[in-house]
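Here is a short tour for someone meeting this protein for the first time. Have a look at the model, then read on.

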Amino acid sequence: MAGKILEIKDKVNASLHDTTKPWTKCFEEVEKKSGIDRLYIFVGLLGIVATWLVFGFAAELVCNFVGFIYPAYASMKALETKAKDDDTKWLTYWVVFACFSVVEFFSDIIVGWFPLYWLIKSLFLFWLMLPIENNGAIILYYNILQPHLFSKLP
């Protein structure tokens with residue numbers, strides 16, 4: 001378990017220092033001005049967002065914003081590459097995201113009674129965004145949506 005946590009920490013730290021990522025400059029500036037390591041800044045931001053999703057005002061907006069911004073950016077980047085795998089990954093993400101949003105619309109009463117709903121949905125959306133080999137969107141699409149919903153379409 002500790003090895004897995006260290007592996008995740010190393011991957012996040014590498015991503016925070018990767019100059020090809022759009023967030024690197026922001027974290028670099030904050031790290032310089034505050035003197036706090038960018039990994040701790042990132043973890044602190046995650047804690048604030050998680051707390052906001054449980055107790056804050058407009059948690060639905062924050063959750064959907066989190067589930068939209070990076071996937072939209074990654075989808076645009078994927079369109080610019082010649083590889084097909086990344087296009088498939090993000091198109092599948094959007095299909096699952098849309099299906100989940102439609103189901104969520106009709107279950108609005110349940111959402112109001114469940115205080116951790118927006119935090120759990122955000123974690124679910126992060127799972128959908130994982131790299132291709134562990135991608136939750138592809139797993140859900142091929143195991144649930146495609147056989148039960150889309151196989152019956154003409």
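## The aromatic cluster

Which residues form one aromatic cluster? Trp 23, Phe 68, Tyr 70, Tyr 73, Trp 90, Tyr 93, Trp 94 and Phe 97 do. A search through the whole structure turns up 13 aromatic pairs. Rings of Phe, Tyr and Trp (its six-membered ring) pair if their centres lie within 6.5 Å; with planes under 30 degrees apart a pair is stacked, over 60 it is edge-to-face, and the rest are tilted.

Before going further, a word on what you're looking at: this is a predicted model, where local features need pLDDT of at least 70 and side-chain atom pairs count only at pLDDT 80 or more, while totals for chains, interfaces and linings use all residues. Residues are numbered from 1 along each chain as its sequence is written, and side-chain values use heavy atoms, with hydrogens and water left out.

## Two pairs up close

Start with Phe 27 and Phe 42, an edge-to-face aromatic pair at 6.2 Å centre to centre, with 65° between the planes. Phe 27 sits in helix 2 (residues 24–34) and Phe 42 in helix 3 (residues 38–55), so the pair ties together parts 15 residues apart in sequence. Helices here are DSSP runs of H or I, at least four residues long, and strands are runs of E, at least two long, numbered from the N terminus. Phe 27 is buried at 11% relative accessible area, while Phe 42 is partly exposed at 24%. For those words, buried means under 20% relative accessible area, exposed means over 50%, and partly exposed is in between (1.4 Å probe, protein chains only).

Now for Tyr 70 and Tyr 73: their ring centres are 6.3 Å apart and their planes meet at 40°, so this pair is tilted. Both belong to helix 4 (residues 59–79), three residues apart, or about one turn of the helix. Tyr 70 is partly exposed at 30% relative accessible area, and Tyr 73 is partly exposed too, at 32%.

What does Val 12 touch, leaving aside its neighbours within four places in sequence? It is in contact with Leu 39 and Phe 42, where contact means heavy atoms within 4.5 Å. Val 12 and Phe 42 are 30 residues apart along the chain, and their C-alpha atoms are separated by 9.0 Å. Val 12 is partly exposed, at 24% relative accessibility.

## The whole protein

Zooming out, the protein has eight helices and zero strands. Its C-alpha trace spans about 60 × 45 × 30 Å along the principal axes. Of its 154 residues, 25% count as buried. Take the contacts between residues at least 6 apart in sequence, and 49% of them join residues at least 24 apart.

## What the record says

UniProt, in an unreviewed entry, places the feature "transmembrane region" at residues 39–70, 90–111 and 123–144. UniProt positions follow the numbering used here, feature names are shortened, and annotations may be inferred rather than shown by experiment.

How do two of these spans look in the model? Residues 39–70 are 91% helix and 0% strand, and the end C-alpha atoms lie 19 Å apart. Residues 90–111 are 95% helix and 0% strand, with end C-alpha atoms 26 Å apart.
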